[in-house]
Amino acid sequence: MPGWKALPDELDPEVRAFTERLRRVIDRSGLGVTAVAERTGHERAAWDSYLNARLPAPRGAVAALADVTGTDPADLAAHWERADQVWGDRTMQIRRLDLDSAESGASTPAPDSDAPPTPEAAPPAPVAAPGARSRRGVVLLYAAGIVGALLVVTAALLLVDLGGSDGEGERAAPAPTTTAPPVTRPATLPAGVRCVGPDCTGKDPEAMGCGGDLAVTVARARVGTAQVEVRHSETCAAAWARITGAAPGDTVTVEAGDAERSATVAEGADTAAVDTDAYTPMVAVGSGADARACGTLADGRAGCTAN
């Protein structure tokens with residue numbers, strides 16, 4: 001059985017209860033974390049984060065765990081709902097604090113050197129909005145983007161018509177040339193998916209719901225005894241790199257155009273107790289073929305997937 005690490009004392013009670021529930025499910029199943037990762041289709045490193053309460057577990061990962069362990073999915077879902085709301089509230093608070101900091105930094109003039117110091121403003125009160133509200137906000141933003149695109153197309157057609165249609169010495173003005181964006185944004189996202197395209201860049205694929213059944217390996221290469229892969233999610237229009245069979249200090253990088261993200265296997269990892277694998281944050285891509293994964297081992301050996 002895995003030797004579980006102690007959870008932080010300051011952890012929210014709902015998140016603690018859910019995390020301990022996940023650990024008990026795995027203990028009773030007789031499966032190791034590596035086997036759980038393989039059978040659920042979610043990254044091994046992601047499960048380490050879920051089981052140590054460092055990242056919120058996506059609903060898809062929880063449902064897959066219930067399936068492979070024969071656990072009552074309704075029971076796990078009930079625990080997940082309560083913990084996910086806490087994670088959602090925490091995310092909203094962080095975003096609110098970041099937004100307030102950005103606005104105050106942009107609008108507040110530099111203080112006069114002779115003026116008395118201004119008392120520090122108290123942080124904003126926590127926002128207790130359920131996770132569903134944030135997901136509805138994402139859907140509304142995407143819908144607004146589609147409406148805006150339709151208005152641009154309509155305006156272009158009107159400009160063509162205003163150029164005249166009688167053909168007497170006048171030529172219709174050509175429609176403006178635009179460059180199509182490399183990523184198509186769907187009007188709605190599947191349940192549990194929290195980003196698409198550029199919004200995914202720099203974010204954890206598992207935490208954003210882009211892994212599991214929504215991800216496939218589109219390219220792989222071997223560097224020494226390690227394997228590097230390009231993982232791609234068509235739903236999220238994003239890719240990331242993964243290294244498996246690695247050692248502490250080994251690094252994996254995903255490249256797509258000018259975008260690049262890296263991850264390193266932690267130093268001091270106990271290779272006898274855990275798998276030393278790692279995966280990078282995401283980069284937005286129109287196709288999995290647009291991304292390349294490279295691995296650099298601690299001993300200097302390096303290699304990349306074919307692009």
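1. The structure holds 1 cavity of 30 Å³ or more. The model is a predicted one. About 40 Å³ of space lies in the largest cavity.

2. The lining of the largest cavity is made by V15, F18, T19, Y50, A53, L55, P56, A57 and W87. Helix α1, which spans residues 13-29, gives the most to this lining, with 3 residues. By class, the lining residues of the largest cavity are 8 nonpolar and 1 polar, with no charged residue.

3. The buried residues of α3 are R44, A45, A46, W47, S49, Y50 and L51. One of them, Y50, is also among the residues that line the largest cavity.

4. What lies over the buried part of α3? The elements covering the buried residues include α1, α2 (33-40), α4 (59-69) and β6 (278-279).

5. α3 is followed by A53, whose phi is positive, near 60 degrees.

6. L65 is part of helix α4. Is L65 buried or exposed? Its relative accessibility is 0%, and because buried means under 20%, L65 counts as buried.

7. Leaving aside neighbours within four places in sequence, L65 is in contact with L22, V25, I26, V36, T40, W47 and L76. Among these partners, W47 is one of the buried residues of α3. T40 is 25 residues from L65 in sequence, while the C-alpha atoms of L65 and T40 are 6.2 Å apart in space.

8. Two packed helices are described by the angle between their axes and the distance between the axes. For α2 and α4, the axes come within 9 Å and cross at roughly 110 degrees. An angle of 65 to 115 degrees counts as roughly perpendicular, and therefore α2 is roughly perpendicular to α4. On the α2 side the contact is made by V36, R39 and T40, and on the α4 side by A64, L65 and V68. The residues in this contact of α2 with α4 divide into 4 nonpolar, 1 polar and 1 charged.

9. To return to L65: this residue of α4 is buried at 0% relative accessibility, takes part in the contact between α2 and α4, and has both V36 and T40 among its contacts.

Terms used
Residues are numbered from 1 along each chain as its sequence is written. This is a predicted model: local features need pLDDT of at least 70, side-chain atom pairs count only at pLDDT 80 or more; totals for chains, interfaces and linings use all residues. Side-chain values use heavy atoms; hydrogens and water are left out. On a 1 Å grid over the protein atoms alone, a cavity is a set of points where a 1.4 Å probe fits but cannot get out, and a pocket is an open set with protein on both sides within 12 Å along at least five of seven lines; lining residues have an atom within 4 Å of a point. Grid points are joined across faces, edges and corners, and a volume is the space filled by probe spheres set on the points. Helices (H or I, at least four residues) and strands (E, at least two) are DSSP runs, numbered from the N terminus. Ala, Val, Leu, Ile, Met, Phe, Trp, Tyr, Cys and Pro count as nonpolar, Asp, Glu, Lys and Arg as charged, and the others, Gly among them, as polar. Buried means under 20% relative accessible area, exposed over 50%, partly exposed in between (1.4 Å probe, protein chains only). Contact means heavy atoms within 4.5 Å. Axes are lines fitted to C-alpha atoms, for helices over the stretch in contact, and angles run from 0 to 180 degrees between N-to-C directions. Angles under 35 degrees count as roughly parallel, over 145 as roughly antiparallel, 65 to 115 as roughly perpendicular and the rest as oblique.
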